[in-house]
Amino acid sequence: MAKFGKMEEGGFDKSYYLYQRNLHSPQKILSSYRRQKGRIMSMIAAFYGGKSILITGATGFLGKVLMEKLFRTSPDLKVIYVLVRPKQGQTLQQRVFQILDSKLFEKVKEVCPNVHEKIRAISADLNQNDFAISKEDMQELLSHTNIVFHCAATVRFDDHLRHAVQLNVTATQQLLLMASQMPKLEAFIHISTAFSNCNLKHIDEVVYPCPVEPKKIIDSMEWLDDAIIDEITPKLIGDRPNTYTYTKALGEVVVQQEGGNLNIAIIRPSIVGATWQEPFPGWVDNLNGPSGLIIAAGKGFLRSIRATPMAVADLIPADTVVNLTLAVGWYTAVHRPKSTLVYHCTSGNLNPCNWGKMGLQVLATFEKIPFERAFRRPNADFTTNNITTHYWNAVSHRAPAIIYDFYLRLTGRKPRMTKLMNRLLRTLSMVEYFINRSWEWSTYNTEMLMSALSPEDQRVFNFDVRQLNWLEYIENYVLGVKKYLLKEDMAGIPEAKQHLKRLRNIHYLFNTALFLIAWRLLIARSQVARNVWFFIVSFCYKFLSYFRASSTLNA
Ligand SMILES: CCCCCCCCCCCCCCCCCCCCCCCCCCCC(=O)SCCNC(=O)CCNC(=O)[C@H](O)C(C)(C)COP(=O)(O)OP(=O)(O)OC[C@H]1O[C@@H](n2cnc3c(N)ncnc32)[C@H](O)[C@@H]1OP(=O)(O)O
Ligand SMILES: NC(=O)C1=CN([C@@H]2O[C@H](COP(=O)(O)OP(=O)(O)OC[C@H]3O[C@@H](n4cnc5c(N)ncnc54)[C@H](OP(=O)(O)O)[C@@H]3O)[C@@H](O)[C@H]2O)C=CC1
C-alpha cells in the first residue's frame with residue numbers, strides 16, 4: 001500500500017486522488033473531484049465518497065450521530081448498511097425511517113435529499129448465530145462492504161455476564177469472522193470504552209491481556225448454567241466494577257487476537273455526553289451516563305450524590321467521538337498501520353473538568369432553564385462518606401418519596417415515587433465507582449492522528465477537546481436534555497419558574513410547621529424547653545415594648 005506524500009495545506013493531495021482512483025471507478029472519482037475542485041476539500045469526507053459502510057448499533061446514541069455525520073459530510077457515499085433488529089412493534093424500516101425523520105437528520109436532508117435510498121436496513125440480531133442475517137443479505141454485505149464501524153454493545157452495568165459476553169465478545173468475534181470474508185474491506189473500527197481497563201489508574205493506548213482467555217469465557221458461557229455463572233462472575237470481573245467494563249475488555253482482546261490481516265483500530269471513548277457542536281449543540285437521546293442524573297437532579301428527585309468533587313469528570317461529546325471515529329476509519333484504511341492502534345477519546349488529560357465544577361454548572365443552569373413540573377426544587381449536594389450518604393438517602397430521597405406516595409394514596413392515586421427513588425438509588429450505586437476516581441489516559445495516538453490531518457480535516461472532523469468550553473457545553477447539555485429527552489417547550493420556562501417558587505414556599509411552610517410541631521412536643525415534655533420558651537417569649541415581649549415606647553417618644 002502506497003503511503004501518501006505530505007498533504008498540501010488546505011488543498012487537495014494528488015497522491016490521495018490517485019489512491020482513490022484505484023478504489024473507485026474513474027468517472028466517480030472525477031465527478032467527486034470536479035465537485036470539490038475550486039474549494040478546499042476534506043480528504044476524510046472524500047474518502048467516504050462512493051463507499052459501502054456497515055454500521056452495527058446504528059440505532060443507538062453514538063450510531064445515530066455517526067450516520068448523521070457520514071451522510072452530511074459525504075453525501076456521495078454509496079450505501080450505509082445498518083444491522084437492525086425489529087423492536088417495540090416496529091419493523092426495521094420503520095425504526096430506520098423514524099431516525100432519518102428526526103430533528104437530528106434535518107441538515108442531512110438538505111445536503112443528501114435521497115438519504116432514504118442510501119440506507120439499507122438489514123434484519124439482524126447480534127445475539128443469534130450468524131446474526132440471523134438472511135443468505136442474500138449476508139452475500140450482499142460480504143461482497144460490498146468497504147468499512148465496518150462496530151458500535152453495537154450492551155452498555156448496561158448490571159447485565160448478566162452471559163448476555164454481556166454474547167453481545168460484547170461473541171458478537172465481536174462473529175463480526176470479525178464476517179469481516180475476514182469481505183474482499184473489499186479497507187478498515188474495521190471497533191468502538192470500545194476508556195473504562196475497559198478501569199482497574200488500572202494509568203491506561204495506555206494498548207490492549208491489555210485478560211487473566212482468562214476470551215475464548216475460554218465464550219466456551220464456558222455455552223454450558224454453564226445461570227446459577228454457576230452468577231457465582232463465578234465476581235471472581236471473573238475481579239477488580240472491575242461490572243460486567244460491562246469486563247466484557248468490553250474481553251472484546252478488545254478478541255479484536256486483537258482474531259483480527260488476522262484486517263486493518264483494525266480500536267476507539268476508547270470515556271463518558272459520552274450530548275453533542276458539542278454538530279449537527280447542533282446539546283443533542284442527546286438516552287438516559288445513559290450523566291443524562292439520566294441531570295433529569296433526576298433537575299426534577300428535584302436527586303438531592304445528594306456520593307461523588308468526589310475534585311475527581312476528573314471525563315466526559316466527551318458524542319460528535320467529538322464520531323469525528324475521531326471517522327478520522328480513524330480514514331487513517332486505518334489509507335495508512336494501514338502495521339498493528340492494531342488504540343485511540344483514547346477522552347478529555348481529562350487535555351482539558352480537565354471535575355465533578356464539582358460540573359455539578360455546580362448543572363445546578364446554575366437549572367436556575368435559568370428549569371425543568372417543568374419538578375417534584376422538589378433542584379438542590380443537590382455531594383456526600384463523601386458512607387454515613388452521610390446513608391443519612392441523606394434516608395432524609396432527602398426515601399422520606400419525601402414515602403410522604404408523597406402516602407399523599408398519592410390519600411388522593412386515590414397509584415403510588416409510584418418510592419419505586420422511582422429505589423431505581424435512582426440503584427443507578428447512583430452503580431455510577432459511584434466512576435465519580436469517585438480519576439484516571440489518566442494517554443492520548444499519544446489520538447494526538448498523532450490530529451497532527452496527521454490537513455487543516456481542513458482538523459476543522460471538519462474536529463476532535464480537539466482542548467477547544468471545548470465546559471461551562472458552555474454543560475449549559476447546552478442541560479438545555480438539550482430538556483428539549484430532546486424531556487421534550488419540554490422553551491415557552492414553558494416562566495411557568496416552570498412559578499412552579500419552583502410555589503415549591504419553595506411549600507418548603508418553607510413545611511419546615512416551619514415541622515419546627516412548630518417538634519417544639520410544641522418538646523415543651524410538653526421538657527421543663528428546660530419550657531424555660532427556654534418562656535425566656536424567648538419574655539425577651540421578645542420586652543423588646544417590642546421598648547420599641548413601641550421609643551417610637552412613641554420620637555413621635
Ligand atoms: C463542590 C460542591 C458542588 C455541589 C454541587 C452538587 C451538584 C450535584 C449534582 C447535580 C447534577 C448531576 C449531574 C452530574 C451527574 C454525574 C453523574 C455521572 C455519571 C456517569 C457515569 C458514567 C460511567 C461511565 C462508565 C463507562 C461509560 C460507558 O462506556 S457506557 C455508557 C454508560 N452506560 C450507562 O450509563 C448505562 C447505565 N444504565 C444501566 O446500567 C441500567 O439502566 C441501570 C442499572 C441504571 C438501571 O437498570 P434497571 O433495570 O433498574 O432499569 P432499566 O430497565 O434500565 O430502565 C428502567 C427505567 O429507568 C430508566 N433509566 C435507564 N437508565 C437510566 C439512568 N441512567 N438514569 C435514570 N433512569 C434510567 C429507563 O428509561 C426506564 O424507564 P421507563 O421505561 O420509564 O421504565
Ligand atoms: N454511551 C457511552 O457513554 C459510551 C459508549 N461507549 C461505546 O459506544 C458504543 C455505542 O454506545 P451507545 O450508542 O451509547 O449505546 P446504545 O445503548 O445507545 O446503543 C447500543 C446499540 O447496540 C444495538 N444492539 C444491542 N443489542 C443488539 C442486538 N442483539 N442485535 C443488534 N443490535 C443490538 C442497539 O440496538 P437496539 O436499538 O435495537 O437496542 C443499539 O443500536 C458501545 O460499544 C459502547 O460500549 C463507550 C464509551 C462510553
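Predicted model: local features only at pLDDT ≥ 70, side-chain atom pairs only at ≥ 80, totals over all residues.

For Lys87, the side-chain N or O atom is 2.7 Å from an oxygen atom of ligand 2. Asp125 has a side-chain N or O atom 2.9 Å from a nitrogen atom of the ligand. On its own, ligand 2 has 890 Å² of accessible area (Shrake-Rupley method, 1.4 Å probe), and the protein covers 90% of that 890 Å².

Residues are numbered from 1 along each chain as written, with chains lettered from A and ligands numbered from 1 in written order. Local features need pLDDT of at least 70 and side-chain atom pairs pLDDT 80 or more, while totals for chains, interfaces and linings use all residues, and side-chain values use heavy atoms, without hydrogens and water.

Which secondary-structure elements each supply at least two residues of the shell around ligand 2? They include helix 4 (61-73) and helix 12 (243-258), helices being DSSP runs of H or I with at least four residues.

Trp533 lies in helix 22, residues 527-554. Trp533 is partly exposed, at 38% relative accessible area, where partly exposed means between the buried limit, under 20%, and the exposed limit, over 50%.

Key:
Polar contact = N/O pair within 3.5 Å; in protein donor to acceptor, adjacent residues only side chain to side chain. Buried < 20%, exposed > 50% of the residue type's maximum accessible area, 1.4 Å probe, protein only.
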